[in-house]
Structures are given as C-alpha cells and as structure tokens.
2 protein chains.
Amino acid sequence: MTVQEITSSQNPRIKELVRLSSQKKERSLSGLFVVESAKLVEEAALAGIGIEALYRTDEAAEKYAPYLAPAQAACGSEVRITRPVAEKLAASQHTQGVFALCRIPEPSLTAESLSPQGRYLVLSSLQDPGNIGAVLRSALAFGCDGLILSDDCPDLYSPKVLRAAMGGVFRQPVLVSRDLPELIRSMREKGIDTLAAALDRSAMTSDEARLDRDGVAVVIGNEGSGLSTEMIEACGKTVFIPISARSESLNASVAASIFLWEMRRRG
Amino acid sequence: MTVQEITSSQNPRIKELVRLSSQKKERSLSGLFVVESAKLVEEAALAGIGIEALYRTDEAAEKYAPYLAPAQAACGSEVRITRPVAEKLAASQHTQGVFALCRIPEPSLTAESLSPQGRYLVLSSLQDPGNIGAVLRSALAFGCDGLILSDDCPDLYSPKVLRAAMGGVFRQPVLVSRDLPELIRSMREKGIDTLAAALDRSAMTSDEARLDRDGVAVVIGNEGSGLSTEMIEACGKTVFIPISARSESLNASVAASIFLWEMRRRG
C-alpha cells in the first residue's frame, strides 16, 4: 500500500473530515464518520467497521504500530499527516494523531428482528453524548440484546459518543427509532414486557420487577424532564430504582447502567 | 434586607466571583465558593451551607422566587445583577441568572470519625469532574456513610462537580485525604474491609464480596490507569464487577455507582 501525504490543514480531504466530525448531517448524507485515537481505530477495525482511510502522523505510526495494524490491513489508503493537520482534526490539543475515515454500518437491529426473548434498554430523548456513550459501554459490559434510541438522542457517530462508548458503538446491536412510542407498542405486541423508568416512588421497584429474565425492556427518559406521558402510557408499566428520600434522582447513565446490571444474564 | 445593585461585569465583587469559580486556589485561600442555578442555591441553603450573598437578575428573582426564598432567609446580602453580569459569571450562555457566594463547610468526615461499622466509597485520583459529581449523586441516592477522595481528584467546590452532583456535595459526609494509602491502612486497623476495585478477572466478584454489610469500603481508581500497586496493596483485597469478555471496563462513575448500589442497606 502506498502512503500518501497531506501537509496542509486546508486540504479538501482534511476539511471533509472536520465536517464529518462536527456535523451529523454530513455523516448522514455521506454515510461516513471519523474515529479518533489508536485504541478506537483498532476497535473499529476489529469489529469489522469499513475503513476508507487511515490518517496518522509519523510519530503515531511508530508509537501506536500494534493498534494501527488491523486498520492498515483492512483499508486501502494510508495518509501521513503533519502535527498541525492532526491538531486541526482533533477534539483536543493532546491528540494521539490517529484518525480513521469509516463507513457507518447498516443498522444491526431492526424493529422486525427484536426477539420476544430479548433484553433491551431503550433511551428516549437523552441529551448528553457522554451519557449515551457511558450506556453503550455498560451495555457491552453487561451484555444486553440491544440498545434502542429515539432519533433525537445525540448521534452515535459523533466524536463525543464514540469516545465515551469506548468501542461500544461498534460491537453491539443498536436501533435508532423515529417513532419510539410506536416501537414500544410493537414490542409489547411481541410479548416483551416494557417498563418505563420512573421517578415515581409508587412504581414497582427494580427488585419487584425481577429484571433478570427474558422478554424485558427498560425505557430511560431525558436527563432533565424524564419520560413523556405518551412514552409512559405506551410502556404500560413503570419501574423505579429505590433511592433515599433525600435524593431526587440518579444520573441517567448511572440509572441505565444499574438497570443493565440487574438485567444481565447471570452465572 | 436592602438589595444592592451591580451593573458592571468589571465590578471587583464580580471579578472575585469569577476567580472563585475558576480557581481552586482562590477557593482554598478564601474558604468561599460559588453556586450557580436556582435549584442548587436552594439545595445549599436547605443543607445549611453558609451563604454570604445571593446574586440574581430581576427576571430570575421573579421566575425562581420559591427556590430563592431559603437563601434569602439565610443570607444578609442580596445583589441585583444585570443580564450581562450574569453571563459573565455563568458557566454557559443559558444561565438562569442566579448565583450564591457560599462558605466551604468544615469537613463533615475525618479519619478519626470513620466507623468500623461504616460503608464507604473511596475515589483515588479520578480526573473527570462529571464522574466525581455523578458518584456524589449516587452516594446520596444509595446512602453510604461517607465518600473519601484523594486530594488530586477534581475539587468538590468547582462548578462542574457541583453541577453534576445535584446537591450531593452539600448533603453527605465527605473526606478529602492527602495520603490515601495511609488512610486505607488506618481503616483496615479499625476493622473496615477495604476492597480495591480491580479490572482483574481473578479478583473476588462483587457478589462474592457480599457488599451489603457493615464495615466495608470499596476503592475506585483513575479512569485511564486504575489503581496504583501501592493502593491495591494498601487495600489487601480486590473486587471485580463481572463484565463480558468483549468489554474492557466500565465508566468510573458507573462502576462506583454499581458498588454503591450493592452496598446499600436494604429493606
């Protein structure tokens, strides 16, 4: 493989990468996204994400050689970039100088493929990309059968979600839904028990709900406003993580992670 | 109470508030910190935090009147500020226009007051203020007997920690330690079982450790590098949240929260 070189941050290919990192619309139109850091580039390659091109400084090529090998083997184009170009592309000043231009994969989970025996976590209108990423990371750790997100959640392929998810975006079934209440109704029709996570202390507790079973989905709402009445009604049941009377709520990614922990298949 | 007015963001009192928000050193020297947002100002007042002065726009005084009442009753000085002054003080453009200058309380937990029957969570060299805040929030929700932090963790009274903790900084015993390995050793001498959270799959699992008991402390390490060998040796035992082989680790605040959830007093 020949290695090309880009030394100007005004290069059109660099400008395209910057747009792909910053704009969801650019990603949707092109079907492409950008991964930063040696470890995440390795994760993407090992998970079978299509890699169009690898961009790296000479320093990074040496320092992170083992991490870059799978991406180098999988892609047809390697581009040497200078440190100023790397800083132009980077989310922070302390960049490793490694980027991959990747193809957004086909959805790994569809409404039709949801299983009556599955265990699912559903995120409705979350706002914070760090929370989405942390939940993806927890879901990978505790092994649920799929994550479902409403399409107003932060984009999975944004740099902040990718970074916080630590590879969790690449390695598990995820479905982004345009009409979550409708999807919830179809899950109920399949026999999946859909539980709205509520701040209502009269709701069923997570112990009472016995989440360690097949055919269950827990639905988490927005950080500030929780779940809409429509979503709660669509679910039909509510579930509550018992917390101290002195406390009002948990961080959304913490609540989601505790539900995932309770839903995990044991032994 | 008379209400003063400040219309210039160059006012020395405003400059002092900006320094207190941005610099830990300023907070340490003065023993003061700044709280932003109506809800947090209310939490501080209700928790008995000493409030030197309340700063608010006229719009905020009207809109958030019920939240401001406890702080107004508790403090001797109310200052009307203009919108540009509020924006100068604020962490984001969408500020509510409410700030309180508060006194850092005396430490609510000391090495001497740690109880052999207590349940403690210990954070060693965490880096992310959002993680520290989320753990404080979870600790308040699940009711542990105290949080212990090494003094290289983000400052509790920084705006980011205060915001993420949602009042958790004000309402529970916290100890900041200059010598965490030494503190851990003194906890062990008191008979507290100190468990280092490890990424070592050969460690005791969280189920095996039976964390729902008195006289136990779980120690969480840095987001990137975990716990030092010195800390692990000081603890004497290790504990592990079982995760999928496909996953390397959990977000630090998620891991801490799952330990707190497992440590909670039930029923």
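Mentor: Taken over C-alpha atoms, the centres of domain 1 of chain A and domain 2 of chain A are separated by 31 Å. The domain assignment places domain 1 at residues 3–103 and domain 2 at residues 119–263 of chain A, bounds that come from an automatic or database assignment. The contact between them (heavy atoms within 4.5 Å) takes 13 residues from domain 1 and eleven residues from domain 2 of chain A.

Before going on, please note that this is a predicted model, in which local features need pLDDT of at least 70 and side-chain atom pairs count only at pLDDT 80 or more, while totals for chains, interfaces and linings use all residues. Residues are numbered from 1 along each chain as its sequence is written, chains are lettered from A and ligands numbered from 1 in the order in which they are written, and side-chain values use heavy atoms, with hydrogens and water left out.

The two domains of chain A bury about 1100 Å² between them, and carbon and sulfur atoms give 64% of this area; buried area is the accessible area, found with a 1.4 Å probe, that two parts lose on being put together, summed over both.

Two salt bridges are counted between domain 1 and domain 2 of chain A, where the term stands for a side-chain nitrogen of Lys or Arg within 4 Å of a carboxyl oxygen of Asp or Glu. The side chains of Arg171(A) and Glu43(A) form a salt bridge, at 2.8 Å from N to O.

On the side of domain 1 of chain A that touches domain 2, the elements giving two or more residues are helix H2 (24–30), strand E2 (32–36) and helix H3 (38–46). Helices (H or I, at least four residues) and strands (E, at least two) are DSSP runs, numbered from the N terminus. H3(A) gives the most to this side, with four residues. By residue type, this side of domain 1 of chain A divides into nine nonpolar, one polar and three charged, where Ala, Val, Leu, Ile, Met, Phe, Trp, Tyr, Cys and Pro count as nonpolar, Asp, Glu, Lys and Arg as charged, and the others, Gly among them, as polar.

An unreviewed UniProt entry annotates residues 34–108 of chain A as "domain: RNA 2-O ribose methyltransferase substrate binding", and such annotations may be inferred rather than shown by experiment. The end C-alpha atoms of residues 34–108 of chain A lie 19 Å apart, and this span is 43% helix and 25% strand. A further salt bridge joins the side chains of Arg103(A) and Glu52(A), at 2.3 Å from N to O. This pair links distant parts of the chain, with Arg103(A) in strand E5 (residues 98–103) and Glu52(A) in strand E3 (residues 51–56) of chain A, 51 residues apart.
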